[in-house]
Amino acid sequence: MSTFLFDKTIFGPIRSRRLGISLGVNLLPNDRKICSFDCLYCECGFGQKSSDFARMPKRDEVKEQLRAKLTEMKNEGELPDVITFAGNGEPTLHPDFAGVIDDTIALRNEFCPSARVAVLSNASRLGEKRVVEALRKVDDNILKIDSAFDKTAIMLDRPNYAYSVEKVIEQTGQFADNMVIQTMFVKWSENGCSYDNSTDEEVEAWLSCLRRINPPRVMIYTIDRDTPHRDMQKVAPERLDAIAVRAREIVGNVSVSY
């Protein structure tokens with residue numbers, strides 16, 4: 001199936017299913033995906049085994065381009081609800097991620113103080129002090145946990161390091177009220193076998209994770225765009241709603257995107 005890359009450092013604004021009017025920031029190269037995961041469902045396609053920092057935009061470039069875009073949006077009378085770090089891979093891999101966050105918060109405060117700053121992260125860099133300090137500063141620190149089982153998470157997200165759900169759960173303890181847990185529920189087939197991280201067994205284990213983490217907010221969703229893996233299927237809206245009902249017994253704020 002067709003996928004796409006973000007070809008700009010500052011992109012949008014777009015209307016996000018989860019975040020509202022979102023102005024995007026892509027800290028990865030504009031012509032390739034660089035990520036510590038290679039998820040079967042990633043809209044950017046499968047990645048390259050690369051950490052080509054030289055191709056990433058420099059901190060000053062990001063700041064200048066973000067200022068220019070916010071100036072344009074202010075002149076047009078439509079400022080964003082949120083400035084969202086997403087794009088062609090894992091944003092926290094940028095070598096000056098912490099500095100970029102500081103610049104972004106300063107520009108947000110200057111142009112649109114009511115807007116939020118969000119980071120979509122796969123939680124792979126929570127062992128890095130400067131990354132954690134930066135994520136503590138943003139309004140929506142959105143961290144991925146796609147399964148409570150290592151086997152499922154590794155099969156679906158395909159991390160390029162020794163991934164452990166238990167380690168991620170421990171590391172979420174570094175955050176307080178700005179943490180959001182995000183989970184993609186999906187069905188897929190591979191090598192003649194069927195998989196589903198929305199089964200009763202998967203959901204019960206995932207709910208146990210939520211009890212331990214106790215995040216202020218949870219986002220659950222399913223695929224909405226083309227995926228690089230051909231045999232991916234959406235989870236039905238009624239199943240997502242049922243999962244959300246259970247999650248709300250633990251976390252008051254649970255949003256669902258179909």
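Predicted model: local features only at pLDDT ≥ 70, side-chain atom pairs only at ≥ 80, totals over all residues.

Let me begin with Glu249, which is exposed, its relative accessible area being 58%; for accessibility, buried means under 20% relative accessible area, exposed means over 50%, and partly exposed is in between, with a 1.4 Å probe and protein chains only. Residues are numbered from 1 along each chain as its sequence is written, and side-chain values use heavy atoms, with hydrogens and water left out.

Glu249 forms a salt bridge with Arg246, and the closest N and O atoms of the two are 3.7 Å apart; a salt bridge here is a side-chain nitrogen of Lys or Arg within 4 Å of a carboxyl oxygen of Asp or Glu. Arg246, at 28% relative accessibility, counts as partly exposed. In general, side chains of opposite charge can pair when their charged atoms come close.

How many salt bridges does the structure hold? There are 16, and Asp31, Arg32 and Arg55 are linked in a network of them. Another pair is Arg212 with Glu166, whose closest N and O atoms are 2.7 Å apart. Because Arg212 lies in helix H6 (residues 200–213) and Glu166 in helix H5 (residues 165–171), this pair ties together parts that are 46 residues apart in sequence. The helices (H or I, at least four residues) and strands (E, at least two) that I name are DSSP runs, numbered from the N terminus.

Now please turn to helix H1 (residues 59–75), where Lys69 and Glu72 both lie, three residues apart, about one turn of the helix. They form a salt bridge, with 3.2 Å between the closest N and O atoms; Lys69 is buried at a relative accessible area of 18%, whereas Glu72, at 35%, counts as partly exposed.

Which residues of H1 are buried? They are Val62, Leu66, Lys69, Leu70 and Met73. Seen down the axis of H1, these buried residues fall within an arc of 100°, so they line one face of the helix; the arc is that of the directions from the helix axis to the C-beta atoms. The face turned away from the buried side carries the exposed residues Asp60, Glu64 and Asn75. The buried residues of H1 pack against E1, E2, E3 and helix H2 (97–111), where contact means heavy atoms within 4.5 Å.

Eight strands form an open sheet with mixed pairing, in the order E1-E2-E3-E4-E5-E6-E9-E11, and two strands pair if DSSP finds at least two bridges between them. Strand E1 (10–16) and strand E11 (253–257) stand at the edges with a single partner strand each, so one side of each is left without a neighbour in the sheet. Strand E2 (residues 20–26) and strand E3 (residues 82–86) pair in the parallel sense over five bridges, and the bridge partner of Val25 in E3 is Phe85.
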